[in-house]
Amino acid sequence: MCSCRKTISDEKYQDPFQLGRKDLKNLYEDIKKELLVSTAELREMCEYYFDGKGKAFRPMIVVLMARACNIHHNNSREMQASQRSVAVIAEMIHTASLVHDDVIDDANSRRGKMTVNQIWGERKAVLAGDFILSAASVALARIGNTTIISVLTQVIEDLVRGEFLQLGSKENENERFAHYLEKTFKKTASLIANSCKAVSILGCPDPKVHEIAYQYGKNVGIAFQLIDDVLDFTSCADHLGKPTAADLKLGLATGPVLFACRQFPEMNAMIMRRFSKPGDVERARKYVLQSDGVQQTTYLAQRYCHEATREISKLRPSPEREALIQLTEMVLLRDK
């Protein structure tokens, strides 16, 4: 069953990306400059995903948040170079985590092309991910602000802890959902929340604004991942650019599965054995699509987006603030 959800073609939904595009011009060229390395192979591996074909969703949020906070603080229309650096660093950390995730998951496709580990092998892929992270750390140190370094290194810690949470599982049904949301925060939302917080610190001295930026990023980030987990069940592999039902095949029980389990308790045993028996993946997928798991997960994502909008609305009105509000709608309507 492929999703025929509304695509983002309306004029209304074009604005956030139009508004942020000027700040993201040459984003990938700037990232490549950070990755100057002597060996051609390492450079080729590191640049593989920085081909300009990604959504650049994270840097987009970061530059819009920077401008929204600058305007809120002193009506400044300028963006600081250090704030743009945070957008570059966020995309680098994100991409390094994708390279490592694909090794852990033994994934063979991402963004519609073969993964780094498929082409160059696991060992080199791990080293490429490490190298991108080290280059991000150098760029972070160059900002020269210890508070910002502390905020963004938290992201790297959360990514590792999130991956460990994903490798574990909980027997108790209530604990299981909390475990899933904590994993979702650490693996996906922490990067967006802390990057937003970092640019707000650089642009405005008010801790209340830092908290608004953090909460917006956190809520949008969790909603983004919830929709990602929905698309794993409703979208076509060709459209998504990566295989569908991938999470089940990895033994992961995401939102749609956990909600479906409430209607079909027989899924409990499958969750505990991480869908390892022959036929488990197909049966679980069928249960999810028969249940209201997809719908419930989408409702939950809507609640997080609503909370993100409530937070960002505390800032002074600006085109960037409006774009961040519209971005929450785009998160819910995306189909890939």
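Here are a few friendly questions and answers about salt bridges in this predicted model.

User: How many salt bridges does a search of the whole structure find?
Analyst: Side chains of opposite charge can pair when their charged atoms come close. Searching the whole structure for such salt bridges gives a total of 18.

User: Which residue meets Asp30 in a salt bridge?
Analyst: Look in helix H2, which spans residues 27–34. The N to O distance of the bridge is 3.5 Å, and the partner is Lys33.

User: Is Lys33 buried or exposed?
Analyst: A residue counts as exposed when its relative accessible area is over 50%. The value for Lys33 is 57%, so this residue is exposed.

User: How many residues apart in sequence are the parts that Glu34 and Arg142 tie together?
Analyst: Glu34 and Arg142 form a salt bridge, with their closest N and O atoms 3.0 Å apart. Glu34 belongs to helix H2 and Arg142 to helix H7 (residues 122–143), so the pair joins parts whose separation in sequence is 108 residues.

User: Which helix holds Lys124, the salt-bridge partner of Glu41?
Analyst: The closest N and O atoms of Glu41 and Lys124 are 3.1 Å apart. Glu41 lies in helix H3 (residues 40–47), and the pair ties together parts 83 residues apart in sequence, with Lys124 in helix H7.

User: Which residues are linked with Glu307 in a network of salt bridges?
Analyst: Here the salt bridges link up into a network. Along with Glu307, its members are Arg310, Glu311 and Lys314.

How values were computed. Residues are numbered from 1 along each chain as its sequence is written. This is a predicted model: local features need pLDDT of at least 70, side-chain atom pairs count only at pLDDT 80 or more; totals for chains, interfaces and linings use all residues. Side-chain values use heavy atoms; hydrogens and water are left out. A salt bridge is a side-chain nitrogen of Lys or Arg within 4 Å of a carboxyl oxygen of Asp or Glu. Helices (H or I, at least four residues) and strands (E, at least two) are DSSP runs, numbered from the N terminus. Buried means under 20% relative accessible area, exposed over 50%, partly exposed in between (1.4 Å probe, protein chains only).
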